[in-house]
Amino acid sequence: MDINFETKHFKELTTVDLYKILRLRAEVFVVEQDCVYQDIDNKDQKALHVIGYKQNEVVAYTRIFNQGDYFENASIGRVVVAKNERQYGYGHILIKESIKAIENHFETTQIKISAQTYLKRFYETHGFKQTGEEYLEDGIPHIAMIYGS
């Protein structure tokens with residue numbers, strides 16, 4: 001594996017880390033998905049950041065929250081892999097690392113996500129199950145999914 005993951009608190013992020021994370025999120029969520037939304041939402045400060053580095057570049061990322069910080073359960077959000085890195089399966093490693101980080105840092109296995117509907121099967125391979133009906137979030141179809149019992 002030529003990708004290395006680290007989990008950091010907001011205060012542990014360097015300005016270079018933060019810049020690379022925000023650039024990646026903008027490249028995918030704003031430009032690639034053509035979605036105008038408020039990415040910088042004052043939630044990053046509360047989150048733990050799971051960062052995938054490849055040759056010193058941020059190529060995969062999630063932010064995770066403890067139970068009660070975003071949803072009733074712990075959660076994973078802003079799941080992103082750079083477009084030119086997706087063929088290597090880093091998304092699967094990223095989700096496994098994020099689940100492991102929640103278990104280690106927040107001592108829970110109850111996780112809720114708001115997943116883009118087209119990724120339903122991807123999340124199901126990691127044990128997530130749909131709960132409720134599809135809804136629009138920032139103009140993109142999403143579903144709520146739960147992990148854990």
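Helices here are DSSP runs of H or I with at least four residues, strands are runs of E with at least two, and both are numbered from the N terminus. Ile 93, for instance, lies in helix α2. This is a predicted model, so a word on its limits: local features need pLDDT of at least 70 and side-chain atom pairs count only at pLDDT 80 or more, while totals for chains, interfaces and linings use all residues. Residues are numbered from 1 along each chain as its sequence is written, and side-chain values use heavy atoms, with hydrogens and water left out.

Back to Ile 93. Buried means under 20% relative accessible area, exposed means over 50%, and partly exposed is in between, with a 1.4 Å probe and protein chains only. Ile 93 counts as partly exposed because its relative accessibility is 23%.

Now the rest of α2. Its buried residues include Tyr 90, Leu 94, Ile 99 and Phe 106. Just after α2, Glu 107 has a positive phi of about 50°.

Phe 106, in helix α2, is buried because its relative accessible area is 14%. Contact means heavy atoms within 4.5 Å. Not counting residues up to four places away in sequence, Phe 106 touches Leu 48, Ile 64, Phe 65, Asn 66, Gln 67, Ala 74 and Ala 101. Phe 106 and Ile 64 are 42 residues apart along the chain, with 9.8 Å between their C-alpha atoms.

Next, the pocket. A pocket is an open set of points on a 1 Å grid over the protein atoms alone, where a 1.4 Å probe fits, with protein on both sides within 12 Å along at least five of seven lines; lining residues have an atom within 4 Å of a point. The largest pocket has 37 lining residues, and Phe 29, Arg 78, Val 79, Gln 116 and Tyr 123 lie nearest its centre. Which element gives the most to the lining of the largest pocket? Strand β4 does, with seven residues.

Arg 78 is in strand β4. Is Arg 78 buried or exposed? Arg 78 is buried, at 17% relative accessible area. Its side chain makes a polar contact with the side chain of Asp 39 at 2.7 Å; a polar contact is a pair of N or O atoms within 3.5 Å, where within protein one must be able to donate a hydrogen and the other to accept it, and residues adjacent in sequence count only if both atoms are side-chain atoms.
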